[in-house]
Amino acid sequence: MKPLSKLVIVILFFIAGNAVLGQELSNFRWISQDTTTGSVQVVADWQKGEKKKFRAYKFDNRYQGDSLVSEKKILDCIVEFAVMDSTTESYSMTFKMLENKMTSSAGSDLRLEQLNIRDEDLTLRYSTDANGTFAAFKNRTEVEGKLDELMNLIKQKQKEQFKAKNEAEKKVFATVLDQMANGKILFGTMFETFIAQVHGIHGYRTGINDTLFFNETVPHPMVNRPIQFDCYLYVAALDTLGMVQFDTEKFADMEQFSQDYVAFINKTRQDSGLKPDKKLDDQVGTLNMEMETYSSIVLDLNSGWPTYLKLSRVITAKAAKEETAARYEVWELDSDLEYRVKD
């Protein structure tokens with residue numbers, strides 16, 4: 001298979017799990033309710049100047065059937081949430097990465113000194129309502145701009161390293177890379193994922209044995225139509241000390257995504273002067289993809305701060321005459337900063 005053809009198969013499997021955030025929620029309805037038990041609601045009780053640090057790490061694991069093929073740690077850092085101001089109606093917050101604990105990085109040889117980016121340039125400022133529910137970003141445009149500078153440097157290095165027989169294949173690679181690697185997408189990965197998870201439950205009231213169903217529609221940079229998830233939210237545990245665990249399960253319909261992805265690749269190839277690749281079309285078109293996301297967050301009802309969060313995304317892809325492969329992406333926030341993850 002040509003280098004570019006091999007690349008787009010890998011990209012299809014990878015980008016499906018890295019959709020741009022800014023999702024829309026709709027079709028809320030209770031599918032299970034029990035009025036004989038009590039209810040629970042998470043409300044923030046934060047003070048100006050209060051700070052919370054968390055250890056965050058992420059692994060990418062790949063499987064063929066039940067066998068682990070590869071395991072890679074791609075993130076390990078200390079992050080901080082801080083309360084900058086507190087009123088009876090809202091909180092002003094900041095979020096930033098304090099320390100990168102990765103011993104090595106694929107981009108460690110980049111000449112980052114050529115970028116005029118300070119720590120404060122990547123400190124995100126935002127607000128919540130009185131319950132602690134996310135309200136609005138205050139400097140998203142500025143942060144995305146700095147992240148775009150970083151991504152442009154990384155993309156330039158990737159383009160220089162990409163080996164292809166002709167300029168048309170290089171053009172296709174550059175087009176796909178520009179679509180999936182930019183400040184907006186990096187913002188979603190580095191910032192928005194954390195904000196959405198930490199503040200997503202605040203203000204929500206539910207019965208202890210209730211289950212809420214809703215749809216989540218997530219835009220994706222490679223296709224015109226968004227990916228839609230069927231979602232289920234419920235209380236998984238509640239103890240007498242005021243610690244509550246909420247679990248969320250999300251299941252995506254990926255059939256249309258695969259078809260739209262083929263259409264995008266075809267158009268990109270044609271615009272670059274390449275002929276259609278029928279073998280590639282058949283390979284991608286017959287790919288049976290499924291995506292499932294599971295998250296658990298434990299919150300202290302006395303303060304409204306989370307003490308633990310885990311987000312697992314499972315992408316399963318099965319092509320004709322090939323075994324099923326799955327990728328597990330795991331995010332965790334843990335207030336125990338000394339928790340040691342394996343290298």
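Reply: Start with the rings. One aromatic cluster is formed by Phe54, Phe81, Phe95, Tyr126, Phe134, Phe137, Phe187, Phe191 and Phe194. Keep in mind that this is a predicted model.

A pair of aromatic rings is described by the distance of the centres and the angle of the planes. With ring centres required to lie within 6.5 Å, the count is 17 aromatic pairs. Take Phe81 and Phe95: their ring centres are 4.8 Å apart and their planes meet at 45 degrees, so this pair is tilted. That angle falls between the 30 degrees for stacked and the 60 degrees for edge-to-face.

Now the charges. Side chains of opposite charge can pair when their charged atoms come close. With a cut-off of 4 Å between nitrogen and carboxyl oxygen, there are 10 salt bridges.

One of them joins Arg55 and Asp76, at 2.6 Å from N to O. Arg55 sits in strand E3 (residues 51–64) and Asp76 in strand E4, so the bridge ties together parts 21 residues apart in sequence. Arg55 is buried because its relative accessible area of 6% is under the 20% limit. Asp76 has a relative accessible area of 2%, so Asp76 is buried too.

Next, the helices. Glu192 and Arg140 form a salt bridge, with their closest N and O atoms 3.4 Å apart. Glu192 belongs to helix H4 (residues 183–199) and Arg140 to helix H2 (residues 140–161), so parts 52 residues apart in sequence are tied together. Glu192 counts as buried, at 11% relative accessibility. Arg140 counts as partly exposed, at 22%.

Stay with H4. A kink of about 45 degrees is centred on Glu192. H4 has 17 residues and spans 22 Å from first C-alpha to last, close to the expected 24 Å. Of its 17 residues, 13 are buried, so H4 is largely enclosed by the rest of the structure. The N-terminal end of H4 is capped by Asn182, which places a side-chain oxygen 3.1 Å from the backbone nitrogen of Lys184.

One more bridge, further along. Asp260 and Arg225 meet in a salt bridge at 2.7 Å, N to O. This pair links distant parts of the chain, 35 residues apart: Asp260 lies in helix H5 (residues 255–271), Arg225 in the loop between strand E9 (211–218) and strand E10 (227–238). Asp260 counts as buried, at 12% relative accessibility. Arg225 is partly exposed, with a relative accessible area of 47%. Salt bridges with shared partners also make a network, which joins Arg55, Lys73 and Asp76.

Back to Asp260 and its surroundings. The side chains of Asp260 and Arg225 are also joined by a polar contact of 2.7 Å. Leaving out residues up to four places away in sequence, Asp260 touches Val223 and Arg225.

Key
Residues numbered from 1 in each chain as written. Predicted model: local features only at pLDDT ≥ 70, side-chain atom pairs only at ≥ 80, totals over all residues. Heavy atoms only, no water. Phe/Tyr/Trp six-rings, centres within 6.5 Å; stacked < 30°, edge-to-face > 60°. Salt bridge = Lys/Arg side-chain N within 4 Å of Asp/Glu carboxyl O. Helix = DSSP H or I, 4+ residues; strand = E, 2+ residues; numbered from the N terminus. Buried < 20%, exposed > 50% of the residue type's maximum accessible area, 1.4 Å probe, protein only. Expected span 1.5 Å × (residues − 1). Bend = angle between axes of the 7 residues up to and from the residue. Polar contact = N/O pair within 3.5 Å; in protein donor to acceptor, adjacent residues only side chain to side chain. Contact = heavy atoms within 4.5 Å.
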